[in-house]
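Here are my notes on the model you sent over.

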Amino acid sequence: MTRERYVTLGLMLLASFVGGASANLLMTARVEAQAGAETVTTNQVNLVDDGGNLRAVLASRDERGLASLTFYDDAGRPRGLVGIEADGTPVVRLSDAGGQARLLAMVRGDDAVVVAGPEGSTQVLIGSIQGNPMITLGDGARSRMQLHLTPAGFPRMALADANGEEAVALTVGSDEMPQLMLSAGGRPRALMTVAQNAALLNLFDESRTRLIVGVAENGFPSVSFFDETGEIISQVPQ
């Protein structure tokens with residue numbers, strides 16, 4: 001390597017060192033300036049765009065009683081909010097142009113919930129309630145469909161009628177035993193299941209089983225009839 005190249009390399013290293021030292025001094029000066037800045041204490045901060053239009057408000061207590069950061073669209077309508085309710089519940093709310101909340105998320109205690117859809121109309125709720133994950137579809141007045149895990153970890157799906165009464169329930173319980181329950185007026189009327197490898201259909205009156213149709217694991221079919229006390233009155237085959 002020629003002497004000129006050594007000199008060039010040395011100058012490059014020196015420039016690199018000086019530049020790094022300058023950058024470090026500049027960063028240190030900025031940190032010190034920030035550390036020495038005075039604290040600003042206020043109840044509300046309004047952010048505006050270049051045209052003076054309100055775009056965001058940071059408030060210690062807004063008109064809803066929340067400590068919040070609210071975002072506004074270019075027409076001055078509130079469209080997004082991140083806040084803390086008076087009881088400490090954190091909330092995120094996204095609204096449409098009419099101010100109607102379309103997406104709401106909150107954590108209340110140990111429960112986390114996200115609700116999509118306008119209040120009083122069709123909505124979907126996704127959350128973890130008492131440690132159990134669930135998805136619920138509602139018509140605005142009541143739940144019409146729910147998919148969740150039971151406390152024991154079994155999956156369950158339920159469909160409700162117009163009165164909010166459970167009409168259809170599908171469950172996979174212990175021993176991987178599936179069950180399909182049909183109900184009317186809040187009372188079970190038919191149950192289809194597989195128990196001990198036997199396929200069973202139970203039909204109920206308003207209080208008890210009246211008919212069982214089954215096929216055993218060995219392929220043996222049977223039909224059993226019950227009276228109002230639950231006693232077998234007839235069987236096929238005998």
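1. Where does Asp 227 lie? Asp 227 sits in the loop that runs between strand E17 (221-226) and strand E18 (232-236). Strands here are DSSP runs of E with at least two residues, helices are runs of H or I with at least four, and both are numbered from the N terminus.

2. A word on the ground rules before going on. This is a predicted model, where local features need pLDDT of at least 70 and side-chain atom pairs count only at pLDDT 80 or more, while totals for chains, interfaces and linings use all residues. Residues are numbered from 1 along each chain as its sequence is written, and side-chain values use heavy atoms, with hydrogens and water left out.

3. Buried means under 20% relative accessible area, exposed means over 50%, and partly exposed is in between (1.4 Å probe, protein chains only). A salt bridge needs a side-chain nitrogen of Lys or Arg within 4 Å of a carboxyl oxygen of Asp or Glu.

4. Asp 227 does have a polar partner: its side chain and that of Thr 229 are joined by a polar contact of 2.7 Å. (That is a pair of N or O atoms within 3.5 Å; within protein, one must be able to donate a hydrogen and the other to accept it, and residues adjacent in sequence count only if both atoms are side-chain atoms.) Setting aside neighbours within four places in sequence, Asp 227 is in contact (heavy atoms within 4.5 Å) with Arg 208, Arg 210 and Ile 233.

5. Now the chain as a whole. The protein chain has one helix and 18 strands, and 19% of its 238 residues count as buried. Among contacts with a separation of 6 or more, residues 24 or more positions apart account for 0%.

6. How many salt bridges are there by this rule? The count comes to twelve. Side chains of opposite charge can pair when their charged atoms come close. One of the bridges joins the side chains of Asp 62 and Arg 64, at 2.9 Å from N to O. Asp 62 is buried, at 11% relative accessible area, whereas Arg 64 is partly exposed at 39%. Asp 62 and Arg 64 are also linked with Glu 63 in a network of salt bridges.

7. Have a look at Asp 73 too. Asp 73 forms a salt bridge with Arg 77, with the closest N and O atoms 2.9 Å apart, and another with Arg 79, at 3.2 Å. Asp 73 counts as buried because its relative accessibility is 10%. Arg 77 is partly exposed at 34%, and Arg 79 is partly exposed at 31%.

8. Pro 78 belongs to strand E4 (residues 78-84) and is partly exposed, with a relative accessible area of 38%. Not counting residues up to four places away in sequence, Pro 78 touches Thr 70, Phe 71, Tyr 72, Ser 95 and Asp 96. The C-alpha atoms of Pro 78 and Gln 100 are separated by 9.8 Å, with the two residues 22 apart along the chain.

9. Last one: is Asn 132 buried or exposed? Asn 132, in strand E9 (residues 132-138), is buried because its relative accessible area is 15%. Beyond neighbours within four places in sequence, Asn 132 is in contact with Gly 127, Leu 149, Thr 150 and Pro 151.
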